[in-house]
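Welcome, and thanks for opening the viewer. Please load the model, colour it by confidence if you like, and keep the selection panel handy.

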Amino acid sequence: MAQVRLSGIAKAFGKVTALDAMDLVIEDGELVCLLGPSGSGKSTLLRLIGGFETPSEGTIAIDGVDVTRLPPERRPTAMVFQSHALWSHMTVHGNIAFGLKLRRLPRAEIRERVERVLDLVGLSGYGARLPSQLSGGQQQRVALARSLVIEPKILLLDEPFASLDQHLRERLRDEVRDIQQRLGITAVFVTHGQDEALAISDRIVVLADGRMQQVGRPGEIYAEPKTAFVAGFIGAMNMLDGTLADGEIAAGGLKLPAEGSGPARLAIRPEDIALSEPEEGRMVTVRRMIDFGSHVVVDSTLADGTHLRVQTDKAVRVEAGERVGIRVERWTVFAEGEEPRRYRSDTVRSFRDVRYA
Amino acid sequence: MTDLATLPPSGALQAQQKRVRRRAPVDWTGFAFLIGLAVVILLPLVVTAVWAFAEVWRFPAILPQRVGLGYWQETLSRQDVWQALWLSLRITTTVTVISAVICFPAAYAFARLDFPGRNMLFLAFLSVQAFPKFGLIIATATIFLTLNLIGTFWGVVLIQLVGTLLYMIWIPVSAFQGVDRRLEEAARDVGAGPMRVFWSITLPQALPTLAAAILITFVNTFYETDAAWLIGLPNVRTMPMVMIAFINNALEVQYGAVLFVFLWVPSFLLMLAARRVMGADAFAKGLGG
């Protein structure tokens, strides 16, 4: 069993708070993504788990053992760095075998384990090469092999594919997930790419300004964001500032049924808006059409000039400057200090009520 | 709407490229700089090298009237030349080794540790070079006189150590700062302690630049004359001092020219070999490039 338990973990650099007190349990064999924009504290949290930073407050336990004050070399963790961090003066074999030599394993066992892990990452026969003789993707595989060969309890990945092109990133992402599941290893993956987080994780931890915004399964976070930040950060979302009054929210010239009063934020996913015939109070002006191949996004403006993105079928064709009607299928309202309220057009009841009725 | 251009016939592209190549403008400024540098740097070296083999070379002849190895035999058969060479090598090696032992850990501390007075101390090390060298040597000589270090091997070693500080602190500081911290973190991550990280990762990564610093120090110390002359005489006579004496005292310029070639060729070959082994970037990195 390899469980990570963070209790009241906080980190400050001087007067700057990088992480506010947070609690998190990562279960055995789970792959958890730490997702957030730059400066959200996700890399700091990973470095705290790896032992490269010491928390200002709180404790970190791995398998029930307090490792808060242990240096990295004494923790059962291994990290894959964004920059690969391969030692250019050693061969691929030398890089991977380094950790095993430190453990004073017999030479034959080292050779056998290095070959096995090279095979696992698809680099059999590359042992004699220098890192400079490998492509970016191959270097990242070596970095992964170097971390896996010492059989850590926790694998930490710090934006490991950020420097790779999209195609290679997706392939390696799938491979890492495959290897992680095959070995049943607990993994913590830092990324600022929401697609990556949605595709690879068992659970996602969304961070912003050093605070944990939401923890949940990828689908859950996408469908039911708990804060306006998560709603705006995960997936494409139209975020409109509005006012709640008389049983509706008015935002950017758009009026939709909603409970409450006072200022609020209206969140609508582009795929939850359908184009329809023009109708008073539900009109947009088309600015341009963005063709993504599989679908089309219509970039439009509401009456007061607020941008609204509408995802629609490829078959739909509208011209720039054309005024078209819209029908909002689902929307969420975020009011300060209140739980988010979700609605859908056919019932105009809370989405959660509909879903769990 | 996009206009589609017709494809050129086969082979036309190469012909076009050749025409473009021919039309490439000549960089006359660069060419003039090259010739200027060659005249300023290479010409004196070539002339001195020719003098070393010239037995008779009288004005206005462009080339020597008679060449031979007569002056080489005469110079290299002298006992004092070989004694000076051996002494120079001993002094230079001792200075370089001691300098490395003192300066490299200091450079590592300046590069990696944050301690009170760090910048002041770093400046103090480098400020030695800001003062007129001769004045510094004279001041040191008065101290050495009371310590009975004038005219001794260790007196020359100590004074020459001062001259090595700039290269042996400044360049290694850049070398250690240039080692990516994540490489060290990756080593700690797989189980290496701080000392092991230094020996297995930091040092090998910084080594090409450290080697460049050692080489520059070795060559500079070998040819150093001011300090060696003021502190070393009359007992300690290094190779460059012998060469100066030859040039000053002998009527024939050939003695000095022979020693010049004799000293220049090995260091030139050493620099070439080092550049090949270490790579040009090691020198550039050391100087902050």
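The tour below moves from overall confidence to an annotated domain, then to a sheet and a helix beside it.

This is a predicted model, so begin with the confidence colours. Chain A has an average pLDDT of 89, and 96% of its residues score at least 70. Select helix α2 (residues 92-102) of chain A, where confidence is highest, at 96. Then jump to helix α9 (residues 351-355) of chain A, where confidence is lowest, at a mean of 40. Where pLDDT is low, the predicted coordinates should not be read in detail.

Next, select residues 4-234 of chain A, which UniProt lists, in an unreviewed entry, as "domain: ABC transporter". The span is 36% helix and 26% strand, and its end C-alpha atoms are 25 Å apart.

Now for the sheet. In what order do its six strands lie? Trace β6-β7-β8-β3-β9-β10 in chain A: the sheet is open, with mixed pairing. At the edges you will find β6 (77-80) and β10 (211-216) of chain A, each pairing on one side only. From one strand to the next, the twist averages 20°.

Zoom in on β6(A) and β7 (residues 154-158) of chain A, which run parallel and are joined by four bridges. Here A:Val80 stands opposite A:Leu157 in β7(A). Finally, show helix α4 (residues 136-148) of chain A, which packs on the sheet and touches β6 and β7 of chain A. The direction of α4 makes about 175° with that of β6(A).

Definitions and conventions:
Residues numbered from 1 in each chain as written. Chains lettered and ligands numbered in written order. Predicted model: local features only at pLDDT ≥ 70, side-chain atom pairs only at ≥ 80, totals over all residues. Heavy atoms only, no water. Pairing = 2+ DSSP bridges. Helix = DSSP H or I, 4+ residues; strand = E, 2+ residues; numbered from the N terminus. Axes fitted to C-alpha atoms, helices over the stretch in contact; angles between N-to-C directions. Contact = heavy atoms within 4.5 Å. pLDDT = per-residue confidence, 0-100. UniProt positions renumbered as here; feature names shortened; annotations may be inferred.
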